[in-house]
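Subject: Structure handover

Hello,

Here is the structure I said I would pass on. My notes follow below it.

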Amino acid sequence: MQLPKNIAYEENFSFAKHTTYGLGGIAKIAFFPKNINEATEIFDFVNTNYAKYFILGNGSNVLASDEDYDGAVIHTGFLSDISHEGTTLTCLSGTSVKKLLDYCILNGLEGLEYLAGIPASIGGLTLMNGGINCTRIESNVTEVLIYDGKSHNLKLEDCKFGNKHSTMCDINAIILSVSLKVTKSTKEKVKNSVNYFLNLRKAQPKGKSCGCVFKNPENISAGRIIDETGLKGLQFGGATVSKEHANFIINESGTAKDVYKLICEVKRRVYERYKEKLEEEVVYIGKFNETDV
């Protein structure tokens, strides 16, 4: 197989080194496109030459299997560029939240500060309609540029944002860029607002995690019902339900299998007590066997 020229790649790519859980096996190869042209070229190449692939951003909402991954990875970390015209800001999908907010502070652009401290890329946040509490990125999105063999500009209504979900979750495509609406402000005001949200996030559990593991059921906090089920501190191997926030599972020198077992046990016990089926927002990479639980 002839690899595309002049596009960075890495053989024997470690998920453990590129995810916030610090877990996972090895993928055969990962590609690192630096611009939209390279991203579309790699997307076509991977679709033609590999039976499966995974698009990885900052690795903050995923759990990769301990087993090796028999496929390719498209890593968007170098797809990181930002511009704005008036009150519309456009960034490539691999742009980190920190870089985006630094840009907003520098240019006095307000409206995205609630994202402060989320360790994600904008593409990943848009894919999963991320945010905090009742404020999700859908409130800012105006357009998403995707590629599925052809380029498409999805308007807000086309994205069909839901509870940690979007149209992009259901189609074979790569997010190239996201356009967001902001308002003009001052550097000082935006900076102060960013710091406010950063301080709020200081209360989040420390340690290696994917953030919240489960989606909140309608009108219920997943963390609250896990807590009320008495599961804070529950442990399998090196994975523990956080004692600070029950919707966090912390990797304390465990394995992906430990984390997965704990996820399944939390779901089982919550359903046993409340008849509520918790749904994961964490995205799985590779094979996880329920027979191992």
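This is a predicted model: local features need pLDDT of at least 70, side-chain atom pairs count only at pLDDT 80 or more; totals for chains, interfaces and linings use all residues.

The buried residues of H5 are Val190, Ser193, Val194 and Phe197. Looking down the axis of H5, these buried residues fall within an arc of 100°, which means that they line one face of the helix. Helix H2 (97-107), strand S8 (109-110) and strand S9 (131-132) are included in what covers them.

Next, the nonpolar cores. The largest has 35 residues, and the members that touch the most others are Leu89, Leu100, Leu112, Leu115, Val144 and Leu180. At least two residues of this core come from each of strand S7 (88-92), H2, helix H3 (122-127), strand S11 (141-147), strand S13 (174-181) and H5. H2 gives the most, with 6 residues. Another core, of 26 residues, lies apart from this one; Val213, Leu231, Val266 and Val270 are among its members.

Leucine 100 can be followed in more detail. Not counting residues up to four places away in sequence, leucine 100 touches Ile82, Leu89, Cys91, Thr95, Leu112, Leu115, Ile122 and Leu180.

Now the sheet. Five strands form an open sheet in the order S6-S7-S13-S11-S12, and their pairing is antiparallel. Strand S6 (82-85) and strand S12 (151-155) are the edge strands, each pairing on one side only. On average, and with direction ignored, neighbouring strands of this sheet are turned by 20° against each other. Between S7 and S13 the antiparallel pairing runs over 5 bridges, and leucine 92 stands opposite serine 177 in S13.

Two helices lie across strands of this sheet. Helix H1 (residues 36-49) lies across S7, S11 and S13, at about 140° to S13. H2 lies across S6, S7 and S13, and runs at about 40° to S6.

The loop between H5 and helix H6 (222-228) holds serine 209. Is serine 209 buried or exposed? Its relative accessibility is 10%, so serine 209 counts as buried, the cut-off for buried being under 20%. Leaving aside neighbours within four places in sequence, serine 209 is in contact with Thr20, Tyr21, Phe248, Ile249 and Ile250.

Finally, a point about the backbone. Most residues other than glycine have a negative phi. Asparagine 219 is not a glycine, yet it has a positive phi of about 65°. Asparagine 219 sits in the loop between H5 and H6, and is exposed, with a relative accessible area of 77%. Lysine 275, also not a glycine, has a positive phi of about 55°. Lysine 275 is found in the loop between helix H7 (256-274) and strand S18 (283-285). With a relative accessible area of 55%, lysine 275 is exposed.

Regards

Methods:
Residues are numbered from 1 along each chain as its sequence is written. Side-chain values use heavy atoms; hydrogens and water are left out. Buried means under 20% relative accessible area, exposed over 50%, partly exposed in between (1.4 Å probe, protein chains only). Helices (H or I, at least four residues) and strands (E, at least two) are DSSP runs, numbered from the N terminus. The arc is that of the directions from the helix axis to the C-beta atoms. Contact means heavy atoms within 4.5 Å. A nonpolar core is a set of buried Ala, Val, Leu, Ile, Met, Phe, Trp, Tyr and Cys residues joined through side-chain atoms within 4.5 Å. Two strands pair if DSSP finds at least two bridges between them. Axes are lines fitted to C-alpha atoms, for helices over the stretch in contact, and angles run from 0 to 180 degrees between N-to-C directions.
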